[in-house]
Amino acid sequence: MAILYDKSGQRITLHTRTTTYQMGIGPYGHLLHYYYGKRAEGDFSACLSYRDRGFAGNPYDAGNDRTYSLDILPQEFPCYGNGDYRTTSFRLKQENGVYGCDLRVKEVRVEAGLYTIPELPTVYAGTKEAEGAETLSVILEDAAANVEVTLRYGVLPELDVILRANTVRNIGKHEIVVEKMDSASVDMLHGDFEMIHFSGRYGTERLMQRTRLGEGRFTVGSLRGESSHQHNPFAMLCAAGAGEDHGLVMAAGLLYSGNFTISAELDQMGQTRFALGVSDEMFAWPLAAGESFTTPQAVLCIGEGFASVTHRFHDLVNHHIVREKQPGALRPILLNSWEGCYFDFDGEKIIALAEEAAELGMDLLVMDDGWFGKRDDDCSGLGDWKANEKKLGMPLKELGRRIHEKGVKFGIWIEPEMVNEDSDLYRAHPDYAFVIPGRKPIRSRYQLCLDFSRKEVVDCIADRIISEFRDVPLDYIKMDMNRSVHDVFTHAPEWADRQNVGRTLYRYVLGVYAFIERLHEAFPDVLIEGCSGGGGRFDLGMLYYTPQIWLSDNTDAIERLQLQYGSSFVYPVSTIGAHVSAVPNHQTGRVTPLVTRAVTAMAGTFGYELDPARLSAEEKTMIRKQIQRVKQFWNLTHDGLYDRLSAPEGEWNPADGTHDPDYMAWQYTARDRSEALASVVFIKTHCNAPTLYLKWKELDPDATYRLHLEDQNRELPEAWQLPEELPAMTGAVLMEMGMPLPYQPGEYNSLLIYAEKAKDGQG
Ligand code: GLA
């Protein structure tokens with residue numbers, strides 16, 4: 001049993017394989033939080049301390065007892081109005097403008113299996129490791145405020161995760177307004193914590209940030225209508241100084257792709273409250289009698305060190321969030337037309353790319369932006385989802401057929417949520433776009449957002465795209481979104497004169513999900529890759545609908561190391577869209593060896609984004625080998641354990657006296673430890689540099705591993721080439737001392753080192 005309800009002690013304990021979560025019902029019916037940490041038996045209520053703290057409100061039921069205050073006690077679902085002045089997760093306004101709510105436990109229910117939420121993505125139990133999945137529902141009520149709140153906890157014991165979501169229902173006769181409702185909140189009684197989050201900007205998404213908490217509140221989030229390039233709906237609260245393998249780490253992610261907030265508050269008593277949910281800014285959800293609202297789902301996980309949390313999230317995403325017909329199957333290695341020709345192509349050019357792709361051993365040709373409407377640049381055409389047969393020189397169906405004839409699959413780019421003012425769609429339905437009457441809209445990339453909160457808009461776009469693709473031999477869709485949402489005004493007749501921005505933005509996200517579900521229904525065998533100007537909507541919610549997402553428009557192999565590093569804390573290799581592009585790189589002008597570009601892209605779904613016609617014969621030979629290698633190592637890279645081998649903040653570097661590492665490295669390890677692959681990319685080069693050591697992880701300490709250099713920069717002079725076989729070492733030596741990295745002069749070189757357990761007596 002994962003969930004234990006001790007009625008006499010009024011305690012509820014959730015056990016996973018290595019963690020324990022405990023809460024309890026206090027003497028007056030409040031739901032208090034007792035513990036979340038490593039697996040432990042016992043009654044954690046004994047750890048709460050009761051003292052009169054001054055200026056701390058006491059519930060009326062406590063009589064003259066000034067030691068019982070919800071301003072001090074840890075809680076499961078902090079709400080405004082019960083004497084707690086800290087960050088609240090629930091704020092409710094009555095029809096007459098009164099705020100306040102005081103929730104008490106009414107019922108506790110335990111059921112087998114996991115819950116789902118209508119219209120929203122949720123973690124599914126699946127078959128693998130689903131044994132023992134259970135759901136706890138704690139129903140709270142405030143009869144005076146006319147609300148009932150159900151807190152839900154799904155437990156996947158083998159994965160060490162707890163799935164939180166909350167539902168509020170109006171049980172009165174008058175309208176109430178929910179102004180804030182988080183998906184989860186966890187109070188830690190004491191500890192010195194850092195918040196780790198992933199911030200960035202367009203072209204530079206998810207850089208790891210560590211912030212030591214001081215008294216007060218630290219918040220990240222998005223108000224852009226999408227999860228955003230700037231912050232990610234995933235963060236970790238960790239013991240100060242935690243590293244890959246040490247220090248308590250609590251990780252939390254939201255299965256939601258719109259506005260969100262993640263906050264950590266260190267209070268006056270040294271307690272820390274960590275919470276996440278839909279952003280409450282501009283949010284107000286009216287509930288008429290009988291109506292309810294449910295939050296998106298949050299995933300909570302606790303482990304020792306970052307690596308343990310990463311391993312759990314990777315398994316969770318691969319087997320319980322992403323929906324694939326054949327889990328783990330090789331994803332198509334693609335050639336995308338964008339950086340190869342941008343808007344400048346016709347059908348014959350696309351067919352020529354397909355021929356080259358097939359020749360090089362790739363599986364799929366993706367025709368990116370520019371194939372529809374009037375679209376020779378980004379000023380017009382969005383919304384007109386009809387192939388431009390004049391530009392292509394042929395119907396889409398014929399193009400698809402001829403691409404298939406070349407021996408590769410066919411993929412197409414779309415951006416359904418957007419419209420250009422210069423489009424037939426906008427001219428016919430200006431009310432479909434977010435535009436505030438009487439005000440000129442804010443443009444971004446010359447485009448406006450369609451009102452996906454309206455079903456008729458979603459249906460209109462879905463119908464057009466589905467009918468356009470109906471007879472096309474199509475295998476893949478790249479679904480893009482190239483601006484943040486703005487000018488939120490819905491022209492839906494029922495909402496036209498009572499705008500509610502928070503509700504519209506929330507319904508917008510649900511509209512996006514519904515749109516993708518329609519594509520899945522219409523084209524069940526088509527692979528959909530998500531994208532938002534690169535990684536502006538890379539989150540657990542989108543991964544439920546699109547198993548892979550383009551990580552960033554930044555294809556520079558060296559910059560990508562940092563983006564992939566940050567993303568790897570939660571998102572597995574199988575989700576990370578990564579391509580080899582041409583040099584000088586189109587975003588940074590940097591020149592990197594082809595081998596290094598491939599080593600970096602191998603930590604993702606892998607593909608190319610260049611014009612093969614401009615490649616030399618040697619480069620083509622190398623690419624053919626790279627593709628074979630990616631396929632050969634697919635199971636290892638996509639289903640093995642993924643570990644970061646470079647230090648989170650960079651170790652002290654004796655070569656130049658900085659704290660930046662000379663290299664970035666990561667490792668994929670077979671679950672049975674029989675083989676592993678380490679990728680090393682050198683970022684700096686020095687004269688007479690000290691030897692660098694690579695400490696491997698997760699190997700069998702007693703086994704001997706043969707080490708083979710899979711690839712190296714063949715453009716370097718003969719004298720600088722390295723031997724392919726490296727001295728064999730035991731797992732213990734590789735992990736404890738680390739292997740001395742072979743030295744190779746030159747910038748941005750890389751190593752791909754394959755370690756294979758030697759059979760007994762060999763090595
Ligand atoms: C976005 C995507 C790119 C490309 C362009 C096309 O920027 O991230 O990969 O598809 O749009 O306009």
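**Ligand shell, salt bridges and a covered helix**

In the ligand site, a polar side-chain atom of Arg445 sits 2.9 Å from an oxygen atom of the ligand, a polar contact in the sense of a pair of N or O atoms within 3.5 Å; within protein, one atom must be able to donate a hydrogen and the other to accept it, and residues adjacent in sequence count only if both atoms are side-chain atoms. The model is a predicted one, in which local features need pLDDT of at least 70 and side-chain atom pairs count only at pLDDT 80 or more, while totals for chains, interfaces and linings use all residues. Residues are numbered from 1 along each chain as its sequence is written, and side-chain values use heavy atoms, with hydrogens and water left out.

The ligand is surrounded by 13 residues, the closest being Asp368, Asp369, Lys478, Asp480 and Asp553; a residue belongs here if one of its heavy atoms lies within 4 Å of the ligand. By class, this shell holds six charged, four nonpolar and three polar residues, where Asp, Glu, Lys and Arg count as charged, Ala, Val, Leu, Ile, Met, Phe, Trp, Tyr, Cys and Pro as nonpolar, and the others, Gly among them, as polar.

Turning to charge pairs, the model has 60 salt bridges, each a side-chain nitrogen of Lys or Arg within 4 Å of a carboxyl oxygen of Asp or Glu. One of them links Asp160 to Arg17, with the closest N and O atoms 3.5 Å apart. Asp160 lies in the loop between strands S8 (147-156) and S9 (161-170), and Arg17 in the loop between strands S2 (11-15) and S3 (19-25), so this pair ties together parts that are 143 residues apart in sequence. Helices (H or I, at least four residues) and strands (E, at least two) are DSSP runs, numbered from the N terminus. Asp160 is buried at 0% relative accessible area, whereas Arg17 is partly exposed at 44%; buried means under 20%, exposed over 50% and partly exposed in between (1.4 Å probe, protein chains only).

Another salt bridge joins Asp611 and Arg614, whose closest N and O atoms are 4.0 Å apart. Here Asp611 is buried, at 9% relative accessibility, and Arg614 is exposed, at 65%. Elsewhere, salt bridges with shared partners connect Asp84, Arg86, Asp187, Asp267 and Arg273 into one network. Arg109 and Glu107 also form a salt bridge, with their closest N and O atoms 3.2 Å apart. Arg109 is partly exposed at 35%, and Glu107 is partly exposed at 31%.

Helix H10 (residues 557-567) is mostly covered, with nine of its eleven residues buried. Among them are Ala557, Ile558, Arg560 and Leu561. At the start of H10, a side-chain oxygen of Asp556 comes to within 2.7 Å of the backbone nitrogen of Ile558.
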